Structure formats: C-alpha cells, structure tokens
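Let's take a walk through a protein together, starting with the overall picture and then zooming in on a few spots. Have a look at the model first.

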Amino acid sequence: MERELWILGVAVAGPVIGSALGVAFPPGRRITGNMLSFAAGAMLAISFLELLPESLAKCGIKGVTAGLAVGLLTMAALESLLPHRPQGQRREELERTSILMILGIFLHNLPEGMAIASASAMEDPRALTTIAFAIAVHNIPEGICTSAPYYQATGRRLRAFLLSSTTALPMLGGYILGKTLLRGLSPYAMGILMASVAGLMIHISCGELLPAALSEEGKGHPIRPMVWLAAGILFVMALAG
C-alpha cells in the first residue's frame with residue numbers, strides 16, 4: 001500500500017509541477033505553438049497506441065466504434081457550449097483551446113488512476129518506479145501545455161495554475177474507483193470507456209490543438225508544428241517502449 005501511495009503521489013505531482021512551470025516561465029508565441037503541436041502528438045499517440053488497442057482487446061470492434069462515437073459526439077456537444085472560435089482574436093481563441101485541452105487531459109487521467117490502483121499486484125519495486133517515472137514525465141509537459149496558453153490568453157497566473165492543476169484530480173478519483181467500483185465494472189464497459197476518452201482526445205487534437213498551433217506559428221514556418229507533432233508521438237512511443 002505504501003508503494004502504491006508513493007506512485008500516486010508522484011503521478012499527481014506531475015501536472016502540478018508542469019502547471020507551475022507553465023505560469024512561472026510563460027513561453028513566447030512560437031514556443032506556445034510548438035507545445036500545442038507536441039501536446040496534440042502526445043494525445044494522438046496515447047489514443048491510437050494505448051487507449052484504442054486496449055479498448056479493442058476488451059470490447060471488440062463494435063465496442064470501440066460505439067465508444068469513439070460517444071467521445072466524438074460528447075466533445076462536439078461540449079464545444080457547442082463554449083463561445084465559437086473568434087476569427088482573428090488570438091487571446092479568445094487560445095483561451096478556448098486551452099479549456100478544451102484541460103478537459104481532455106482531465107478525462108484522460110482517470111484511467112491512469114485506475115492503472116495505479118492495479119500496482120498492488122506488482123511485486124517488483126523497479127517496475128513500480130518505472131510506472132511512477134513514466135506517468136510523471138509525461139504529465140509535466142502536459143501541465144505546461146495547459147497552463148501556459150491559458151495564462152497567455154487571460155493574464156491570470158493563479159487561475160491558470162489552479163485550472164491546469166485540476167487535471168491531477170482524476171488520477172485520485174481513478175485510484176479510488178480502481179480500488180472499489182472498478183471491481184464491478186465489466187471489461188467490455190471499461191473498453192467502451194477507454195474508446196470514448198480516445199474519441200475526446202482525437203477530436204481535441206485535430207479540431208483544436210493543431211489549428212491553434214498553426215495560428216500561433218503564423219506564415220513563417222508551417223512545417224514546424226508538424227515536426228513538434230511528430231516529436232509528441234515519438235515521446236509517447238519512447239515511454240511506452
């Protein structure tokens with residue numbers, strides 16, 4: 001139990017540390033665009049390389065299709081509740097994108113908490129350390145990518161930090177679910193849930209993050225966001241490997 005709580009503490013610290021770095025050392029416009037592209041690549045890689053394959057194994061192609069549809073439609077409904085993207089108004093557009101990204105990462109971190117709950121079955125301390133390190137390492141840049149754009153858009157340092165840091169809360173909730181309610185959740189239902197989260201993240205990456213990154217880059221080097229997109233994908237692949 002003590003080792004589980006240590007892993008949970010390290011994982012929760014990742015978004016908080018990243019959020020603090022994002023508002024303490026806010027990047028310039030071009031770097032912000034690079035980070036948004038990197039975040040999009042990481043979210044796409046997590047969706048296609050982790051969430052969807054595991055979902056497919058749990059609930060099959062029909063369950064994955066249903067889950068993806070639920071995730072995509074849910075994000076479309078949530079987007080309709082937010083102000084429409086204001087063309088040519090950078091601050092408002094960046095604020096809208098950062099809110100959606102915070103929401104996507106918020107939901108993605110729930111399964112991570114569930115995964116931590118299963119760590120009690122692992123007896124190898126080195127394996128537990130690897131889990132903690134991998135979660136923390138990829139949560140720190142996620143925290144930077146969510147807090148910095150919101151801070152740049154609103155100028156509210158504390159609010160940006162607090163909103164971005166809330167992405168750590170689902171890990172605590174997922175841990176509690178993993179120790180209690182998850183025991184009664186069928187693998188099929190869990191697979192649909194994971195596919196739904198993947199649908200949310202794919203929608204955010206392609207519909208919000210990449211357009212915002214290209215807007216931040218301007219007309220200078222439109223190829224640069226694609227390079228950072230690939231870097232985000234490779235980063236997740238390296239952690240998974």
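Of the 241 residues in this protein chain, 46% count as buried. Keep in mind as we go that you're looking at a predicted model. So what is the secondary structure of the chain made of? It comes to 8 helices and 0 strands, and if you read along the sequence, the pattern goes α-α-α-α-α-α-α-α.

Now let's peek inside. In soluble globular proteins, nonpolar side chains tend to be buried together. Here, the largest nonpolar core has 36 residues. Among those 36, the ones that touch the most other members are Leu36, Met43, Leu51, Leu52, Met101, Met201 and Leu209. Which elements give two or more residues to this core? They are helix 2 (29–81), helix 3 (90–117), helix 4 (125–154), helix 7 (187–217) and helix 8 (223–240). Helix 2 gives the most, with 14 residues. Apart from this core lies another one, made of 6 residues, and Leu8, Val12, Met171 and Tyr175 are among them.

Next up, the aromatic rings. The structure holds 2 aromatic pairs. One of them joins phenylalanine 38 and tryptophan 228: their ring centres are 6.4 Å apart, with 65° between the planes, and the pair is edge-to-face. These two residues come from distant parts of the chain, since phenylalanine 38 sits in helix 2 and tryptophan 228 in helix 8, 190 residues apart. Are the two partners buried or exposed? Phenylalanine 38 has a relative accessible area of 15%, so it is buried. Tryptophan 228 has a relative accessibility of 36%, so this residue counts as partly exposed.

Phenylalanine 38 also pairs with phenylalanine 235. Here the ring centres are 5.5 Å apart and the planes meet at 55°, so this pair is tilted. Why does this pair tie together parts that are 197 residues apart in sequence? Because phenylalanine 38 lies in helix 2 and phenylalanine 235 in helix 8. Phenylalanine 235 counts as partly exposed because its relative accessibility is 23%, and the cut-off for buried is under 20%.

Together with Leu214, Ile223, Met226 and Val227, Trp228 makes a nonpolar surface patch of about 450 Å². Which element gives the most to this patch? That's helix 8, with 4 residues. Valine 227 is one of the residues that lie in helix 8.

Helix 8 is also where you'll find arginine 224. With a relative accessibility of 25%, arginine 224 counts as partly exposed.

For a last stop, go to helix 5, which covers residues 157–165, and find serine 165. Is serine 165 buried or exposed? At 12% relative accessibility, serine 165 counts as buried. What does its side chain reach? The side chain of serine 165 reaches the backbone oxygen of phenylalanine 161, at 2.7 Å.

Key
Residues are numbered from 1 along each chain as its sequence is written. This is a predicted model: local features need pLDDT of at least 70, side-chain atom pairs count only at pLDDT 80 or more; totals for chains, interfaces and linings use all residues. Side-chain values use heavy atoms; hydrogens and water are left out. A nonpolar core is a set of buried Ala, Val, Leu, Ile, Met, Phe, Trp, Tyr and Cys residues joined through side-chain atoms within 4.5 Å. Buried means under 20% relative accessible area, exposed over 50%, partly exposed in between (1.4 Å probe, protein chains only). Rings of Phe, Tyr and Trp (its six-membered ring) pair if their centres lie within 6.5 Å; planes under 30 degrees apart count as stacked, over 60 as edge-to-face and the rest as tilted. Patches are made of residues with over 30% relative accessible area and no salt bridge: like charges are joined within 9 Å, nonpolar side chains (Val, Leu, Ile, Met, Phe, Trp, Tyr) within 5 Å. Accessible areas come from the Shrake-Rupley method with a 1.4 Å probe; for residues, only the protein chains shown count as cover. A salt bridge is a side-chain nitrogen of Lys or Arg within 4 Å of a carboxyl oxygen of Asp or Glu. A polar contact is a pair of N or O atoms within 3.5 Å; within protein, one must be able to donate a hydrogen and the other to accept it, and residues adjacent in sequence count only if both atoms are side-chain atoms.
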